[in-house]
Amino acid sequence: MKGNLTGKTADHNAAVNPMTVPMSDAARVRFAGLSDALTEELRAAAGTAFTAILARIGENALKLALIVAVGRDPVRPEIDITAADWAIGFVRHYARRTMEAVERHVADTETEAHLKRLKEIVRAAGPKGITKSDITRASQWLKSRDRDEILLTLIESGDITTGMRGSSTKQAMVYRMARWGG
């Protein structure tokens, strides 16, 4: 990779000498495998908000691998398999976290926004679940009918489940995430 910083430093004492950083064969194979995997993931995600994130994983991983290589040996850097693996893992991890956040918090319509917000209330309650009265208090911005419709939609879609909890004298229905992901 080449940089374009020649003549862009604050003074003449900090000369920039761009260089091409070689890549080991193993790292090249790893990045080629990443490219193939990302092509499949991009096809599967076509038309979603995730395509922009997926499309940048390869370039961001390559940039980080370059930084690691130069950090290890500024005189004779080489992008090796350990730099490639670390960079790909790092970028994939944060891309996955970003996509999860988009999935959980970004909505196209007001109805979808309400659904996601109510789902987050249930998720935040944790594995023990949350009672209907607690959901009502936490979502007073919703009309009762809308809240009930959203809860029914979440149950029917399999996103949340219902159950009972309480003491021997008083039972209360609780809502929980069907697939607990934290």
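Predicted model: local features only at pLDDT ≥ 70, side-chain atom pairs only at ≥ 80, totals over all residues.
Guide: Welcome! A helix axis is a line fitted to C-alpha atoms over the stretch in contact, and angles run from 0 to 180 degrees between N-to-C directions.

Visitor: Which residues make the contact of α3 with α4?

Guide: From α3 come Val 102, Glu 103, Arg 104 and His 105, while α4 supplies Lys 116, Glu 120 and Arg 123. Sorted by class, five of these residues are charged, one is polar and one is nonpolar.

Visitor: Now another pair. At what angle do the axes of helix α2 and helix α3 cross?

Guide: Helix α2 (residues 51-72) and helix α3 (residues 81-105) have axes that come within 8 Å and cross at roughly 140°. The crossing of α2 and α3 is right-handed. On the α2 side, the contact includes Ile 53, Leu 54, Ile 57 and Leu 64; on the α3 side, Trp 86, Phe 90, Val 91 and Met 99 are among the residues.

Visitor: What classes of residue make up the contact of α2 with α3?

Guide: There are 16 nonpolar residues, three polar and two charged.

Visitor: Let me try a single residue. Is Ala 27 buried or exposed?

Guide: To judge that, look at relative accessible area, where under 20% means buried. Ala 27 has 0%, so it is buried. You will find Ala 27 in helix α1, residues 25-44.

Visitor: Which residues is Ala 27 in contact with, leaving aside neighbours within four places in sequence?

Guide: They are Ile 79, Asp 80, Ile 81 and Ala 84. Ile 79 is 52 residues away from Ala 27 along the chain, yet their C-alpha atoms are separated by 6.8 Å.

Visitor: And stepping back, how many helices and strands are there in the chain?

Guide: The chain has six helices and three strands, arranged along the sequence as α-α-α-α-β-α-α-β-β. Of its 182 residues, 28% count as buried. Among contacts with a separation of 6 or more, 52% join residues 24 or more positions apart. The chain's accessible surface is about 11900 Å², and carbon and sulfur atoms account for 55% of that.

Technical notes. Residues numbered from 1 in each chain as written. Heavy atoms only, no water. Helix = DSSP H or I, 4+ residues; strand = E, 2+ residues; numbered from the N terminus. Left-handed = near helix turned anticlockwise from the far one by under 90°. Contact = heavy atoms within 4.5 Å. Nonpolar A, V, L, I, M, F, W, Y, C, P; charged D, E, K, R; others polar. Buried < 20%, exposed > 50% of the residue type's maximum accessible area, 1.4 Å probe, protein only. Areas by Shrake-Rupley, 256 points an atom, 1.4 Å probe, with all protein chains shown as cover.
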